[in-house]
Every structure is written in structure tokens, then in C-alpha cells.
Amino acid sequence: MKKISFKFARLGVLLLAISFTSCLDDLEQNDPQNVNNPSVDDVYNNPESYKMTLAKLYAGLATTGQNGPTDAPDITGIDEGFSQYIRGIYVMNELTTDEAIIGWNDQSIKDFHFHTWSAGDVFINATFSRLDFQVKNCNEFLRQTTDEKLNSRNVDDALRAEIQTYRAEARFLRAYTYWHFLDLFGGRVGLVTENDPTDFFLPEQVTSQQMFEFIEDELTEIYPELKAPRTNEYPRIDQVAALMLRAKLYMNARVYTGVERYSDALPLLTEIINSGYSLHTNYDELFLADNDRNGAQNEVIFAVAFDGLYTKTFGGTTFLVHAPVGGTMNPAEFGINGGWAGIRTTSAFVNKFPVGTSDSRANFHTDGQTLEIADVGNFNHGYAVEKFKNVDVNGNQGSDASGDFVDTDFPIFRLADAYLMYAECALRTGGNTGLALTYVNQVRNRAFGGTLGTVGSIDLNFILDERARELHWEGHRRTDLIRFNKFTGGSYVWPWKGNTPNGSPTPSYRNLFPLPSNALAANPNLVQNPGY
């Protein structure tokens, strides 16, 4: 089904391009695909077109251009691989923390771990542009699936019912992207929907509160239109994904709006935990090439699907498999043809695991590696991390025989995260801490392969560390540290934070990234985030 979905996605690229063309005030367009410029309505006369275009929206989280991996990019001005959605989120949410550091000299990439980025940063601009592009695609799909459009095309009742679900999924994907705008940039951007003009205009900047309320309302409204838990085809989302994103919104509400909403997250998390998803028995298998079918999909609530043949990109999990491999590591064990010798982790993260631990999440490669990082540019300084691999449960390489591109899907939300979120909310609100402890121990016992992981008590500091152990490199760390008031400032420092070997405090305004200089130049209605 994953490959079928991406077959649809490749056709959906053309459909969205045609849809955008229809909004350009009768400008002449080239016809590089040799399709003789059919009208949008002609294209949508094919009932499958709606699903094809929806597939493109999902693929927008995986692909980087019209062909890939390095041809006809969606985002220009940067290496195409760096413009990929998940790679951008990783750079901003992981390289800025104790979990990851990179040794390359690509432009300003080291500034993220050093906390010295600026508004002119090319990687920040690429991620901002990627988010904006994804919103535009979602908006165009919603414009093409209104009741008025469907009536004019004589869409039958059966397809119309499916399209209502497609629309809800498109609104979820848009809300998910706007959540990243909120989390990374404070949501202080132009909030554009399908109801806004399609010709040129400059959107007004909204506040964090307005963006928060928009996302909350969207997720609430679409919930009845989404498929029931575990009834949709992989990797499409269901109602539980909408609950999970709302819970994430409420968990971080104090950061986003100044008002705590932990008590609002608790019932959503209870519903998620009781929805039919289950912890997979093997932690390592969650991050293998067959994690769409090896049982991991029973735990993963929402994933970005990758395929070595159909989604060729130098971002996503191709990046997360290749970039951490170097030194004495054997690329064949990771199902790839060679490592990129870039990413390692810091001693601050390694030290969250006791020496000699049997915790399977301590997936460090130490041979030839030093624990401490004296030279950021030396791959052998800092332990390597062996988390994502392009092999299946039997050790077989993924579908791309060259070993360049990987099949491993990237988990956005999974049940173990919901267990730990519940525990944190219970501790913060005085809820059922006994049940919270049970959930934490279920996560830990999976990691230890038995009761060696059992703990008798938990507190908030333990939960923060447990989230790092369980969820490292999955895009959560920066958000977690900010929620715990430990991302900036001096209450928690790690090696090379603040561009000093032992770490140093950084200013609190860096809890948000700057709006890119390019965005400010393009829209004078935008005001820069404080401190930049």
C-alpha cells in the first residue's frame, strides 16, 4: 500500500501543478509534461485524481521536488536534500540540543548546536519555505474539493463521501504544518487558508494565540470526518493522529500562549492509549526498513513513509541512516553503500544511560569514538548513534539495490510517546500517578526486555530524561527542553551549547527561531521575533 500511495503521489505532483496554473490570471504556461495543458476540471474528471492529489500532500513531507532526488526542486537556493521537510525539522529540533551534533562545514550548519543562528540562515529559510509550500499545496487541494466544485463535476455520492475524508486529512496535514510554524517561529506568520485570494496579496501577521486557536479549532472540527482508529490505509492518518496533535498543542500551551492546558491533554491521551494501538515488542524494529509491516505499525500513530525507489531524497531517513555512519562502522550493517560521517551525540545524552546498561535504546557505537568532543569537525569525537537502519528484521537491505536511498519510515507520533505524555501530565496536574508509573514501566520494560527496567517512582526530571532515552532523534527534544525551561539559559548546558566545549548559557530569545530575512523582505506586514 505504501508503494501504491507513492504511485498516486507522483501523479499528484502534476495535478497540483495544474491546479496552481489555474490560479495565475491567464498567464501562458510551458507544458514540460506534454499533457497539452488540460483544464483542472478535465483532470478531475478522473475519480482517482482526488486520491492522487491527497497522496501528494502526504508525499510533501517526504519528497523534495517534482522528480527527485536532485532535479526540479520545490525549494531553490539550497541543496535539494537540505530542503526536505523531516531533515529541516531534525536540524532545528535535534541539532540544537544535547542529542545531536554535526561535524560538517556546510554553510551555517554548526550554528544550530552552538545556538548562534541568525535571520539570514539558509537552513532556517529552507525549512520556513518548505512549511509555506506544504500549506499552499493543502490549501489548493481544499479549493478543488469544495461542494461547489464537486457539484460542477457531477461527483457521485460514494466518491463525495471519500473526498470529505480526504479534505479532513488535508486539513490535518495543514494544521500539522502550522503547528511547526507555531513551535519553531511562534506562529507569527501569515495564516492563509483556502478561503483567501489566489492572486497576489500580503497576508497579515497573526499572534501566537491566534495560530494556537486556529490549529485547535481545525483539529476539533475535522475529528468526526476522519476515519476511526486503525481503519485507514497506511500511512494515512486517522482520528487518533488528530487527538495526538491536539494533546501536543495542549502540552506546550504555556510556551505558546502563557496558559497551562495539561489538564486538557489528559483525557485526549487516555483516549489515545485506549484506541487500539499497542507497543511493539522490539524497540529496534521501530526504525528498520520494514517498519511499515513488521509490527511497528501497531504502535506508530502517524508516520512519514519513505521508499528507496519511489521517494528518492537526500533528506528524511536517507539522511538519518547515512549521516551518522562513519569511522569503524560498517555501512552494510545499515543497508547502505557508505556513510556520510556527520552526526554524533554528546556525553550529556550518553550519560542518561548508566554504564553497562541493558537498555536497548542505548544504541551507541563506541569503537574508535571518544565520549567527549574536543573537535566538533572530527567524526570520531562523540559517540555515534545506531538508531535508523535500512535493513529489515532479517538483515536484508531495503528496495534500492544501490544502497543510496532507504525504505525506513519516520515515526511522527507513536504510542510510547503518548504513555510518557500521560505520565508528565499526571505529575503536573496531580492526576493518576499510579497509572502514570505503570505506563512508564511498560515503555521501559520493552526497552530492557523485561522487568530490569522497572522503576518504583517518577518525577518530572525523570520524565524529561526518559523522553530523551525513548524518543531521541525523532524531532521532540527541543520542544521538550523548552517546556521544561532547559533549552536556553544556564539551568542545563551540554557540550558545545553556546559554542564552548563544556557548554554555556544562551539567551532565552533563542527559544524561537527568527523569521527568515527573505520572508521579511517579501512581506512588510511581518515583524521579526524579539531578539533578532
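I took the expected span of a helix as 1.5 Å times one less than its number of residues. Helices (H or I, at least four residues) and strands (E, at least two) are DSSP runs, numbered from the N terminus.

The model is predicted, so local features need pLDDT of at least 70 and side-chain atom pairs pLDDT 80 or more, while totals for chains, interfaces and linings use all residues. Residues are numbered from 1 along each chain as its sequence is written, and side-chain values use heavy atoms, with hydrogens and water left out.

**Entry: helix H6**

I looked up H6, residues 122–143. Its 22 residues should span 32 Å, and its end C-alpha atoms are 31 Å apart, which agrees. Is H6 mostly covered or mostly open? It is mostly covered, with 18 of its 22 residues buried. Buried means under 20% relative accessible area, exposed over 50%, and partly exposed in between (1.4 Å probe, protein chains only). I then checked the N-terminal end of H6, which Asp121 caps. A side-chain oxygen of Asp121 lies 2.8 Å from the backbone nitrogen of Phe123.

**Entry: strand S6**

I turned to S6, residues 410–414. Five of its five residues are buried, so the rest of the structure largely encloses this strand. Strands pair if DSSP finds at least two bridges between them. Strand S2 (residues 300–304) is joined to S6 by four bridges, and the two run antiparallel. Val300 has Arg414 as its bridge partner in S6.

**Entry: aromatic rings**

Rings of Phe, Tyr and Trp (its six-membered ring) pair if their centres lie within 6.5 Å; planes under 30 degrees apart count as stacked, over 60 as edge-to-face and the rest as tilted. My search of the whole structure gave 37 aromatic pairs. Trp104 and Trp340 form a tilted one, 6.4 Å centre to centre with 50° between the planes. Trp104 lies in the loop between S1 and H5, and Trp340 in the loop between H13 and S3, so the pair ties together parts 236 residues apart in sequence. Trp104 is buried, at 14% relative accessibility. Trp340 is partly exposed, at 27%.

Which aromatic cluster holds Trp104 and Trp340? Its members are Tyr90, Trp104, Phe314, Phe319, Trp340, Phe405 and Trp473.

**Entry: charges over rings**

I counted a charge over a ring if NZ of Lys or CZ of Arg is within 6 Å of the ring centre and within 35 degrees of the ring normal. The charged end of Arg510 sits over the ring of Trp117, 5.1 Å from its centre. For Arg478 the ring is that of Phe487, with the charged end 6.0 Å from the centre.

Key
Polar contact = N/O pair within 3.5 Å; in protein donor to acceptor, adjacent residues only side chain to side chain.
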